[in-house]
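Visitor: Hi, I have a structure open that I have never looked at before. Could you walk me through it?
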Amino acid sequence: RVGAEMCIRERGKMLFKEFATMDQALAWSRHVGVEGGTPLLIEGDDGTRMDRRAIADALGVGHREQIGR
């Protein structure tokens with residue numbers, strides 16, 4: 001169901017981890033991707049919400065910045 005909101009029942013089956021910063025959450029998302037998984041959602045206390053495409057975009061930008069050093 002691409003583009004559909006995850007229902008509560010589906011969210012209960014997902015891995016949930018809590019991080020102090022967005023950088024930590026993105027670092028974990030990178031790890032999940034390297035291990036063959038797909039990070040689906042990051043939600044911040046400030047209302048920030050990143051779906052899988054936004055996470056992939058953010059990780060791609062970070063990867064390009066590391067290469068440019």
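Visitor: I clicked on Thr48 to begin with, so which residues is Thr48 in contact with, leaving aside neighbours within four places in sequence?

Guide: Leaving those neighbours aside, Thr48 is in contact with Met22, Ile42 and Glu43. Please keep in mind throughout that this is a predicted model.

Visitor: Where is Thr48 found?

Guide: Thr48 belongs to the loop between E1 and E2, and Thr48 is partly exposed, with a relative accessible area of 28%. The side chain of Thr48 also makes a polar contact, at 2.6 Å, with the side chain of Asp46.

Visitor: How many residues apart in sequence are Thr48 and Met22?

Guide: Thr48 and Met22 are 26 residues apart in sequence, while from C-alpha to C-alpha they are 9.4 Å apart in space.

Visitor: Now the inside. Which residues make up the largest nonpolar core?

Guide: That core has six residues in all, namely Ala25, Leu26, Ile42, Met50, Ile55 and Leu59. Helix H2, covering 22–34, and helix H3, covering 52–67, each supply at least two residues of this core.

Visitor: What about Leu26 itself, where is its place?

Guide: Leu26 sits in helix H2, and Leu26 is buried, with a relative accessible area of 17%. Not counting residues up to four places away in sequence, Leu26 touches Ile42, Met50, Ile55, Ala58 and Leu59. Pro39 is 13 residues from Leu26 along the chain, and their C-alpha atoms are separated by 9.2 Å.

Visitor: Ser29 was on the list for Ile42. Why does Ser29 count as buried?

Guide: Ser29 counts as buried because its relative accessible area is 4%, and buried means under 20%. Ser29 is found in helix H2, and, not counting residues up to four places away in sequence, Ser29 touches Pro39, Ile42, Ile55 and Leu59.

Visitor: Changing topic: how many salt bridges does a search of the whole structure find?

Guide: The search finds one salt bridge. Glu43 forms a salt bridge with Arg49, where the closest N and O atoms are 2.4 Å apart. Glu43 is partly exposed, with a relative accessible area of 44%, and Arg49 also counts as partly exposed, at 47% relative accessibility.

Visitor: One more residue, then. Where is Thr21 found?

Guide: Thr21 is in the loop between H1 and H2, where Thr21 counts as partly exposed at 38% relative accessibility. A polar atom of the Thr21 side chain lies 3.1 Å from the backbone nitrogen of Gln24. Thr21 and Gly44 are 23 residues apart along the chain, and their C-alpha atoms are separated by 8.5 Å.

Visitor: To finish with the whole chain, what percentage of its residues count as buried?

Guide: Of the 69 residues, 14% count as buried. The chain exposes about 5800 Å², and carbon and sulfur atoms supply 52% of that area. Among contacts between residues at least 6 apart in sequence, 38% join residues at least 24 apart.

Terms used. Residues are numbered from 1 along each chain as its sequence is written. This is a predicted model: local features need pLDDT of at least 70, side-chain atom pairs count only at pLDDT 80 or more; totals for chains, interfaces and linings use all residues. Side-chain values use heavy atoms; hydrogens and water are left out. Buried means under 20% relative accessible area, exposed over 50%, partly exposed in between (1.4 Å probe, protein chains only). Contact means heavy atoms within 4.5 Å. Accessible areas come from the Shrake-Rupley method with a 1.4 Å probe; for residues, only the protein chains shown count as cover. A nonpolar core is a set of buried Ala, Val, Leu, Ile, Met, Phe, Trp, Tyr and Cys residues joined through side-chain atoms within 4.5 Å. Helices (H or I, at least four residues) and strands (E, at least two) are DSSP runs, numbered from the N terminus. A salt bridge is a side-chain nitrogen of Lys or Arg within 4 Å of a carboxyl oxygen of Asp or Glu. A polar contact is a pair of N or O atoms within 3.5 Å; within protein, one must be able to donate a hydrogen and the other to accept it, and residues adjacent in sequence count only if both atoms are side-chain atoms.
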